Each structure stands twice: as structure tokens, then as C-alpha cells.
Amino acid sequence: MRLLRALLPVLVVFLVAGCGAGSASSGEGTTGAEGTQSRTVDGLQVETVAKNLDTPWEVAFAPDGRIFVTERPGVVRVIESGELREEPYAEFGAEEMGEGGQLGLALDPDFEQNDTLYAYYSTETDDGPENRIARLLEENGRATEQETLLSMPAASIHNGGRLAFGPDGKLYATIGDVSEASLAQDRDALAGKILRINPDGTVPDDNPFDGSPVYSYGHRNPQGLAWDDEGSLYAPEHGQSAHDELNLIEAGKNYGWPEIQGDENASGLTPPILHSGQQTWAPSGAEYVEDGAWADSLMFTGLAGESLHRVEFAPGKPVEVARHREYLGGEYGRLRTVEQGPGGALYVLTSNRDGRGNPAPEDDRLLKVTPAGG
Ligand SMILES: [Ca+2]
């Protein structure tokens, strides 16, 4: 393992340098570019499922076929029978502030029985801005907030915001350093962390630090969470001017920000398993795909980098990156997240109306991505 760790930076540089070449494509369209509903790009069939979204952040799938999409300005939308409903599915006090607003959403693993969801959002309070994890309950086709489970620091940037259930039934959340880098190294602060709580908001007995929701620390701004079928947890995070990272997250570990970044090493700090070097991915959401055309791949999206990333690992070695490829480069602009939907297709959200993009007519979009001819 020590040897592998030592070799990783070399491997990483090699892979990053090589990753652009194989994925370059002019993006052959089956119809015209503007307003197309279905195109083939980089060997992928890309279909627009919903459009005219405003800065969507998370997509989640209900067992009954509904698709939920959060919009950062403060609402949760629902796509029902293929149609994006005009009226919000939920709206409960999220306020857009810079990168903050209505961010993550996760359905309870027992949603079918308990109609319960969880949201991560930013809001203003008398004491300043706050990020919250809240429990929602659906009644009569609309969800309302029942309880704030966790209050966290917030700022105009570096709010993290991803929320996901792990295979252990615990609720995980990513939060950035809320633009105070030193907080990432402060284990008593919730900023710059990956957090782990029980669905009722209490702290699990087996968390690494007694009585604390902190699961890992030293993070700058992670916005993605994905587990492979062995339970390994991956989280991409935004670096400081390039040096974006993909980390393998383990309980109690320190991922280095702001002490180290990229291929730097220091005692007691865990380096990323892949980083972008001088390139910028600006990675956000992530998904691990277990079967089908992209089996055993970690997928994640890039905002400024405008790509869908695919990372494959050496057999049985979750830290050893065997191949890194990029798809859709620049074709749809900024990409916020990727989730696997029913039937195996990938669903990708654009983020071109977030104030940093160059929106096309009818942006933002929910895209459905499948292998071309598959
Ligand atoms: Ca790091």
C-alpha cells in the first residue's frame, strides 16, 4: 500500500495528461444543434428530458417513476409521467445566496412506506446565513419541512450540499469550508467536512469522533458522494485554482485542505486517488455505476470543465485508478450532477444559469444519457 501511495502521483499525472486525447469528439448530431432533443456525442445518446430549469442541483428518483429536481433558487420540482410540473413539489425557505440555496435531496430508503425525504439548503437567519439538513414529509403530492436535523455554517461560496444515504443506512452530507479554510482542519467545526448522521438527526454510535457528526475532514468543497458495491465511498472536491480532487473517503481521515493539495504529501494527511493537476474539472456530483455499459465506473460531472468524467479502477483495488476519460466536453456547458436512473440510464443536470455559465435557449436541462445504439 505504501508503495502504491508513493507511485500514485506519477500515475495520476500520466493519466490526466492522457485523458483528453481519447475522448475528443466533434459531437455528431442526429439533428440540428439548437433545440435538439436527441443527439449522439462521444458514443453516447443524449436526450433532453426536461428544460427551462433554473440552476438545478440534484435529481432523485422515486420508486413510482417520479423524478425530483431541486432548483437552487429555492424549490423542488417534480417530473411526473414525463412532464415537468409547473407548481413546486416543495418550497420551504431555501434562499439562493451565491453558491448556496436549495441544494441536495435524498429519498428515505423506505420512501415508499414513509413518504420521507431529506433536503440540504441554505437560508438566512437572524444570526446570519445557515446551511440546514431537514426532514420532509410528502402529503397529497407535496412535501413540507417537518424538522431541521442539523444546522451548519454557510457562506456565499463553498457550501458543499450533497446529501446521500450510504449502504449502511446513514445519511451523509458534504459541506465546504464556507470560505474559511482553517475550519476544514477544526474537528469541532462542521465546515470542510463529510458528515454522517442517523435519519433522525442523532449522531451514530460508530462515528469516528465521539458525539460528532464529522466523518472525515480537511475538505475544501466536496459536492459529490458515491459508493461502489463493496461500500467504498468516493467524493470529488473542488481544488483551489485547478488541483481538483477525487478522494476515497474513510472514517476519521484528514484529506489535507488547506495544508496540502494535488500530489503533495504530509504525515497524517490523505492525498487524493486522482487529481486534475493544472487542469480544472470543478467537480460536483458523482455516481458509481455497477452494471451495464459503464460497469464498475465512477462517474462525476464538471462545472467549469464542462465534462462528464468516467474513472475505472484496477480489479479489486478501489484506490488504483486504471483509466480516466471525459465525455460531452463543452457540448452542454456546465454539468452539476450525474445520477443513475431506473433502467440504468445516466441523468445529468446542466448548470448554465448559475451566474457563471453561458446559457443556451431552454437551459437548464435534465439530460438522459445512454450508450449510443444500446
Ligand atoms: Ca485534499
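Asp 42 lies in the loop between strand E1 (38–41) and strand E2 (44–50). Strands here are DSSP runs marked E of at least two residues, while helices are runs of H or I of at least four residues, and both are numbered from the N terminus. Although Asp 42 is not a glycine, it has a positive phi of about 55 degrees. Asp 42 is also buried, with 22 other C-beta atoms within 10 Å. A residue is called buried if 20 or more other C-beta atoms lie within 10 Å of its own, exposed if 12 or fewer do, and partly exposed in between, with C-beta atoms placed from the backbone.

Now turn to Ser 81, in the loop between strand E5 (75–80) and strand E6 (83–84). Ser 81 is a residue other than glycine with a positive phi, near 50 degrees. Ser 81 is exposed, with 7 other C-beta atoms within 10 Å.

## About the model

This is a predicted model, in which local features need pLDDT of at least 70 and side-chain atom pairs count only at pLDDT 80 or more, while totals for chains, interfaces and linings use all residues. Residues are numbered from 1 along each chain as its sequence is written.

## The whole chain

The chain has two helices and 25 strands. Its radius of gyration is 19 Å, close to the 21 Å that the globule rule gives for 374 residues, so the chain is as compact as a globular protein of that length. That radius is taken over C-alpha atoms, and the rule is 2.2 Å times the number of residues to the power 0.38. Along the principal axes, the C-alpha atoms fill a box of roughly 50 × 50 × 35 Å.

Of the 374 residues, 46% count as buried. Two residues are in contact if their C-beta atoms, placed from the backbone, lie within 7 Å. Among contacts between residues at least 6 apart in sequence, 51% join residues at least 24 apart.

Strand E13 (residues 193–197) is mostly covered, with five of its five residues buried. In a regular strand the side chains alternate between the two faces of the sheet. In E13, Lys 193, Leu 195 and Ile 197 point one way, Ile 194 and Arg 196 point the other way, and all are buried.

E13 has a pairing with strand E12 (residues 171–175), which runs antiparallel to it and is joined by five bridges. Strands count as paired if DSSP finds at least two bridges between them. Here Thr 174 stands opposite Ile 194. E13 also pairs with strand E14 (residues 214–217), in the antiparallel sense over three bridges, and Leu 195 stands opposite Val 214 there.

## The nonpolar core

In soluble globular proteins, nonpolar side chains tend to be buried together. A nonpolar core is a set of buried Ala, Val, Leu, Ile, Met, Phe, Trp, Tyr and Cys residues joined through C-beta atoms within 7 Å. The largest one here has 86 residues, and Ala 106, Tyr 118, Leu 163, Leu 195, Tyr 234 and Val 348 touch the most other members. Strand E8 (residues 116–125) gives the largest share of this core, five residues.

Not counting residues up to four places away in sequence, Ala 106 touches Ala 60, Leu 117, Tyr 118, Leu 163, Ala 164, Phe 165 and Leu 171.

## Two cis peptide bonds

The peptide bond from Trp 257 to Pro 258 is cis, with omega near 0 degrees. Pro 258 is found in the loop between strand E17 (245–249) and strand E18 (274–275). Another cis bond, also with omega near 0 degrees, leads from Asp 363 to Asp 364. Asp 364 is in the loop between strand E24 (346–350) and strand E25 (366–371).
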